[in-house]
Amino acid sequence: MFIRGAFGCGIGIASIGGYSRLLEPRWVETNYVPVKINALPKRFEGMTIAQLSDIHHCKYVPREFVRKCVRKVNALCPDIIVLTGDYIYRSDAFLLPVAEELSELKAKEGVFAVLGNHDNKGDTFSALSKAGIRVLINEHVPLFRKRDHLFVAGVDDLWKGWSDLGRALKGTDDKPKLLLAHNPDIIEMTKTTDVDFVMVGHTHGGQVSLPLYGPLIVYSKFGVRYAAGLFHERNTTMYVNKGIGVSGLPVRFFARPEITLFTLRNKRRKEVVRQEEQC
Ligand SMILES: [Fe+2]
């Protein structure tokens, strides 16, 4: 009886190990998230934003997998694409290959990026810029649709103490502001601003999460509070993307890799319709 129990237990552990090491890290989910924005200009109604985060290209997150994710993002036909940091894991040798794959991203109105705590600022800025990606380091760009506009801002990494949200927003007017950051702890800094929507990564959704318990570890000063998903704090909405790569242990468990497609809607509009189109 004891031997059968131990054998069954061993099989169970091996199955969980195989699933979390081999299956779930490649089982990418695409999440469609409507986001309501105050006073969204009419011409930006229905604007789509694809988010890719925490790629962590390394021997456990191979180039072919990154390529598949890039193709999945392109297939969504987004108006803009945002990348929210952590492009490699441990070795700088992975930077140029990941930048080459990201150069294939296609969006009608641009690809924008911020840096994460695993990214060397100078080298990553250079590699992504050469790939045609606009890297936002404590700065913003306006997006125009005829006479309407909104802003896409990005901050440097919070963990390194380099985030300067005031500088990133300096010169913006009262039009909607989308903010890219790596770390969800940035939400604390947005309290005194009029940022409408923040897109972040960093947490990997805990990477290992237990049913009925939740994520085991989230590297945030707020613990597991902002592990993954959509949050509303005062007038600001924040989405925490689980990323597609891994760091530390090369496993994912109940924290599937994620690509997200946001659709912006004016807050006054009641009906939310998911738009699909061919590109
Ligand atoms: Fe990360």
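This is a predicted model: local features need pLDDT of at least 70, side-chain atom pairs count only at pLDDT 80 or more; totals for chains, interfaces and linings use all residues.
Local features need pLDDT of at least 70 and side-chain atom pairs count only at pLDDT 80 or more, whereas totals for chains, interfaces and linings use all residues. Residues are numbered from 1 along each chain as its sequence is written.

The protein chain contains five helices and 14 strands (DSSP runs, H or I of at least four residues for helices and E of at least two for strands, numbered from the N terminus). For 279 residues a compact globule would have a radius of gyration near 19 Å, and the value for the protein chain, 19 Å, agrees (taken over C-alpha atoms; the globule rule is 2.2 Å times the number of residues to the power 0.38). Along the principal axes, the C-alpha atoms fill a box of roughly 75 × 45 × 40 Å.

Six strands form an open sheet of mixed pairing, in the order β1-β14-β2-β3-β4-β5; two strands pair if DSSP finds at least two bridges between them. Strands β1 (29–37) and β5 (134–135) each have a single partner, so one side of each is left without a neighbour in the sheet. Within the sheet, β2 (residues 48–52) and β3 (residues 80–84) run parallel and are joined by four bridges, with I49 opposite I80 in β3.

Helices α3 (residues 95–102) and α4 (residues 121–130) pack at about 30°, their axes 8 Å apart (axes are lines fitted to C-alpha atoms, for helices over the stretch in contact, and angles run from 0 to 180 degrees between N-to-C directions). The two helices are therefore roughly parallel, a term for angles under 35 degrees.

Methods. Angles under 35 degrees count as roughly parallel, over 145 as roughly antiparallel, 65 to 115 as roughly perpendicular and the rest as oblique.
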